[in-house]
Protein chains: 2
Amino acid sequence: MKEGFTYTPHHDLVTPSSPALDAYIGEIAAMKEGAAGKYSVHESSLFLPLDEKILAEAESQGEKYVSAQLRYIVVIGIGGSNLGAKAVYDALRGTYDPARPQKPKLVFLDTLSHDTFRALDELFEARVEHSEQVLINIVSKSGTTAESVANFALLYRSLAKRLPDIASRIVATTDRDSLLWKAGEKHGWGLLAIPLPVGGRFSVFSAVGLFPLLAAGIDVREFCRGAAEMCRAITSPDETNPARRPAEELFAAMRSGCSMVNLFYFHPELESLGKWERQLIAESLGKEKDVTGKTVHAGITPLVSIGSTDLHSMAQLYFGGPRDKFTLLIRASETKGDRIPEEGPLSDIVPGLAGKETSAVMDAIYRGVSAAYKAHALPHGEVLLSTVSSHALGQYMEWRMATVMYLAKLMKVNAFDQPNVEDYKSVTKKLLQ
Amino acid sequence: MKEGFTYTPHHDLVTPSSPALDAYIGEIAAMKEGAAGKYSVHESSLFLPLDEKILAEAESQGEKYVSAQLRYIVVIGIGGSNLGAKAVYDALRGTYDPARPQKPKLVFLDTLSHDTFRALDELFEARVEHSEQVLINIVSKSGTTAESVANFALLYRSLAKRLPDIASRIVATTDRDSLLWKAGEKHGWGLLAIPLPVGGRFSVFSAVGLFPLLAAGIDVREFCRGAAEMCRAITSPDETNPARRPAEELFAAMRSGCSMVNLFYFHPELESLGKWERQLIAESLGKEKDVTGKTVHAGITPLVSIGSTDLHSMAQLYFGGPRDKFTLLIRASETKGDRIPEEGPLSDIVPGLAGKETSAVMDAIYRGVSAAYKAHALPHGEVLLSTVSSHALGQYMEWRMATVMYLAKLMKVNAFDQPNVEDYKSVTKKLLQ
């Protein structure tokens, strides 16, 4: 398999071709001509991976702020401001990374948590002796996200006590001219702009995702290259378009009674990728009103499952319970594995295990699950990644963004707003003042 | 508020009283007389917190294996074998714990992951110099869980190279006379039995949960005391029974079209508690057949959401999307907080934030969400914990186990089996051999 992925659907859903979708794909394809650097509509987010300037700006800040001494990059952001970077970082570096000494590493502050903040503060107390070792990247599209501003204030106070030049170690990623942008200008911070029509959940190929990832040493050029390949594919008008069918399938699945889409990743390191995709689906498609203003309460609820872990907690429901889910089984070839010893105190209690590579055991589990989905005739699709690499992740994430936009078009909802997020904020604001 | 929690429902569901449930609660109450140490039926799991012998056995192994030198306890287990211990540990110690130096700490190996295993192996290479510093607790009810046996084999080989007496640092928690038990006897390991009728998802108050938690220094006596209080309450025949109404409510919610129960915890440290509860609900209620053998495809799909994080990714769907969820909002009083500085480069960009305690900000967010659920008339219940403590967690977990058993009775399904988990295993076994 070439670097990338294959998608194979398994279901008997009828997926009629939609003229509205044809027209929409045509519009997006037309935008692509000379797309680089022009951000006029929300769909422009799909062309971020083609924009050499966005990448060059992030790299230029990287040259300024990243040295061999850098140990920690703190990403302060929540929702679309950190889920993309965390997805790619955890996929490539593993979730046990904080315990490992090597490489500059990303740490994330999202919600307010005394325990998390204290643990981080203690870690820095022990391991950060001068300011070159740390970099703060505050990410907020609006520039006024309460949790991020509060986390920043706490971390800044703590670090400023010991590192008087901490102001020289801050990069803000935000909309140009937001209050955060202006504060950054005033204090001489690094500044990276998010193109205005690019929303949080579609921003991973902007500085929001690219800057912290490249600062951590991840190959973001390859990440964008994978996405750019996919960008060409998903603007194709014909049947080779890899996002069209999956969108039509999910639409058909919803109409036939599926209220959930189960994103079932067979690698624990991909759980954060699942949380990125969960936001993408939930926030883009979960809508009180359709584009005409009619109350519709549309949407499909995304689940994130992890193999083999969740086979031991969720499989009973998935195989035996209500038939109300469309499932995406996602598995990558593993290039690394550990050989299970042939000798040892438990070597004879599970037949066929001793001497196997762990990756072969996971493959056997995956194939058992895939067979069970078929045996139960549960609607699903299989995504087989060549490997978990920057390139394949770029392809995958671009593919999912396009699929969700196309699905929103079929559902006649606006993929790019989130009006109901305000529903809790008025009371919160009143209580804070 | 006394240590513990309050539950307040908010919905207009009709919840008729069920004679079958009355009878079931009566049966369980009758079992309680002289319950300690007798495990004759699955419901006996509810009486584990009253069993002084279970606790004493775990403590006795603790005295043998835990010294001031102990740094790491590796729990090798998956599903019901680790979710309970991880829930309590993460709730009380926080998820950033691996980076912190103090206290013996729990690390978990569940699925097979090269990255996770390597990270752990490197950590031990760097920080474990002699065998007193490490303890392996392999947990498997059947004794033959493939992932756990494989993870054990890998870790054992690696540690045995440097620590020749590693066999003296292994405790196996399993069914008496399983293959794992027999191997443990042969090699002189510590052994802790799981009472036969206690299934994984109901085992947190057996040695499965108690031993690793007490080895990590968590007050399991208080944990069991909280659960014992709740055990008395949930066997009450009258309206004071705190598990009856929530079971009837969820049953009514399912009948009125809710296909999901959203467990919405307003503390990031409670995400693992959510994963424990997710298994409890999914595996106990998701059933292909009812107790008469009729094909029913019953069940309700649990979601785990975290406030405030998921407000920035899922709230749009929850408030605007399909009205197909019953939500449990779970919030604890915070005894610890950080005061947000009044001075600083961003002090004036979010009104009302500077000078507030972070816990007050989270309270304001919580109250905004609670108000929005009411404004949208979405069916939900509010659980307010006095604080996140061993005692309150014991109460909460016992309460949820009883609620799920009562709900299974209303749904006429067997809460204690998981026949469909086998659906993928036959192919997997064939491929491994």
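**Entry 1: C224 in chain B**

I began with C224(B), which is buried at a relative accessible area of 4%. The model is a predicted one, and I read it as such. I then checked this cysteine for a partner. C224(B) is in no disulfide. The nearest cysteine sulfur belongs to C231(B) and lies 11 Å away.

**Entry 2: C224 in chain A**

I looked up the counterpart in the other chain. C224(A) counts as buried too, at 5% relative accessibility. Its sulfur has that of C231(A) as the closest cysteine sulfur, at 11 Å, so a bond is ruled out by distance. The cut-off I needed for this is 2.5 Å between sulfur atoms. I also searched the whole structure, and the count of disulfides over all chains is 0.

Next I asked how α2(B) and α8(B) pack. Helix α2 of chain B covers residues 52–65, and helix α8 of chain B covers residues 220–234. I got an angle of about 165 degrees, with the axes 11 Å apart. The two helices are therefore roughly antiparallel, since angles over 145 degrees count that way. The crossing of α2(B) past α8(B) is right-handed. I listed the contact residues as well. α2(B) contributes E52(B), L55(B) and E59(B). α8(B) contributes V220(B), R221(B) and C224(B).

**Entry 3: how the chains relate**

I then compared the interface residues. Of those in chain B, 100% are also interface residues in chain A, so the copies meet through the same surface.

Note on methods. Residues numbered from 1 in each chain as written. Chains lettered and ligands numbered in written order. Predicted model: local features only at pLDDT ≥ 70, side-chain atom pairs only at ≥ 80, totals over all residues. Heavy atoms only, no water. Buried < 20%, exposed > 50% of the residue type's maximum accessible area, 1.4 Å probe, protein only. Contact = heavy atoms within 4.5 Å. Axes fitted to C-alpha atoms, helices over the stretch in contact; angles between N-to-C directions. Helix = DSSP H or I, 4+ residues; strand = E, 2+ residues; numbered from the N terminus. Parallel < 35°, antiparallel > 145°, perpendicular 65-115°, else oblique. Left-handed = near helix turned anticlockwise from the far one by under 90°.
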